[in-house]
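User: I am new to this structure. Can you walk me through how to read it?

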Amino acid sequence: MAAQNQVQITIPKDHNGQKQTPEDDFDYSQRAQWVRAAVLGANDGLVSIASLMMGVGAVQKDVKAMILIGFAGLFAGACSMAIGEFVSVYSQLDIERAQMKRDKAAGGQNQEHEEGNKEQLPNPFQAAVASAIAFSLGAIVPILAAAFIANHKVRLAVIVAAVSLALLAFGGIGAFLGRSPMVKSCARVLIGGWMAMAITFGLTKLIGSSTGMEL
């Protein structure tokens with residue numbers, strides 16, 4: 001009886017037996033650098049300027065003073081964020097380049113892998129610009145919210161409401177882009193912003209009352 005030869009062909013499948021899509025193959029860690037810079041800059045601008053304006057509003061009812069302080073904080077903060085982001089990302093870039101050189105010298109990295117790593121290296125200039133723009137976009141929200149309200153108490157309430165909505169929006173955008181939990185991200189950003197504004201307003205109110213600066 002002749003022996004039968006059986007040929008078995010194995011068809012590669014993913015773990016779930018489903019066809020993979022380009023979205024499944026996308027590496028969201030590559031997007032983390034931009035998400036971090038944009039969300040951090042927007043939240044920082046929003047919370048910093050809103051807290052600054054709330055602090056001024058605790059001792060000064062003049063809307064012009066609040067707007068002036070807001071714009072001064074916007075320009076100073078945007079420059080600070082850009083410089084800080086540039087220095088931080090450039091330091092990261094130097095470290096990654098040094099590590100790539102060590103790997104290449106040790107012979108543990110081929111040409112294709114080296115090219116792939118170079119494409120993933122962060123750009124300090126782009127990160128700095130993105131951070132400054134994001135900070136400015138966040139900082140302009142409380143300024144616009146306060147610019148058209150004459151009543152002092154209503155103005156403060158409108159600032160809090162506008163900032164709260166913007167915090168929820170920024171938290172949701174960051175969660176969507178980074179594929180992280182939406183509710184947890186929004187709650188974390190919102191609570192942090194409320195705490196910053198409350199602490200700044202309370203401390204400034206306390207200092208203004210004790211020193212007789214409140215008008």
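Analyst: Start with how the chain is built up. This is a predicted model. Residues 24 or more positions apart account for 75% of its contacts with a separation of 6 or more.

User: How do the axes of α3 and α5 cross?

Analyst: Look at the distance between the axes, then the angle. Helix α3 covers residues 63–105, and helix α5 covers residues 124–147. Their axes come within 8 Å and cross at roughly 165°. Angles over 145 degrees count as roughly antiparallel. So α3 and α5 are roughly antiparallel to each other. The crossing of α3 past α5 is right-handed.

User: How do the residues of the contact of α3 with α5 divide?

Analyst: Sort them by kind. There are 22 nonpolar, 5 polar and 1 charged in the contact of α3 with α5.

User: At what angle do α5 and α6 cross?

Analyst: Helix α6 spans residues 152–178. The axes of α5 and α6 come within 8 Å, and the crossing is at roughly 150°. Therefore α5 and α6 are also roughly antiparallel to each other. Their crossing is right-handed.

User: Which residues in α5 and α6 meet?

Analyst: Read each side in turn. From α5 come Gly 138, Val 141, Pro 142, Ala 145 and Ala 146. In α6 they meet Arg 155, Val 158, Ile 159, Ala 162, Val 163, Ala 166 and Phe 170. The residues of this contact of α5 with α6 divide into 10 nonpolar, 1 polar and 1 charged.

User: Now a single residue. Is Asn 43 buried or exposed?

Analyst: Compare its relative accessible area with the cut-off. Buried means under 20%. Asn 43 has a relative accessible area of 13%, so Asn 43 is buried. Asn 43 lies in helix α2, residues 29–59.

User: What is Asn 43 in contact with?

Analyst: Leave aside its neighbours within four places in sequence. Asn 43 is then in contact with Ser 48, Leu 167, Phe 170 and Val 189.

Technical notes
Residues are numbered from 1 along each chain as its sequence is written. This is a predicted model: local features need pLDDT of at least 70, side-chain atom pairs count only at pLDDT 80 or more; totals for chains, interfaces and linings use all residues. Side-chain values use heavy atoms; hydrogens and water are left out. Contact means heavy atoms within 4.5 Å. Axes are lines fitted to C-alpha atoms, for helices over the stretch in contact, and angles run from 0 to 180 degrees between N-to-C directions. Helices (H or I, at least four residues) and strands (E, at least two) are DSSP runs, numbered from the N terminus. Angles under 35 degrees count as roughly parallel, over 145 as roughly antiparallel, 65 to 115 as roughly perpendicular and the rest as oblique. A crossing is left-handed if the near helix is turned anticlockwise from the far one by less than a right angle, and right-handed if clockwise. Ala, Val, Leu, Ile, Met, Phe, Trp, Tyr, Cys and Pro count as nonpolar, Asp, Glu, Lys and Arg as charged, and the others, Gly among them, as polar. Buried means under 20% relative accessible area, exposed over 50%, partly exposed in between (1.4 Å probe, protein chains only).
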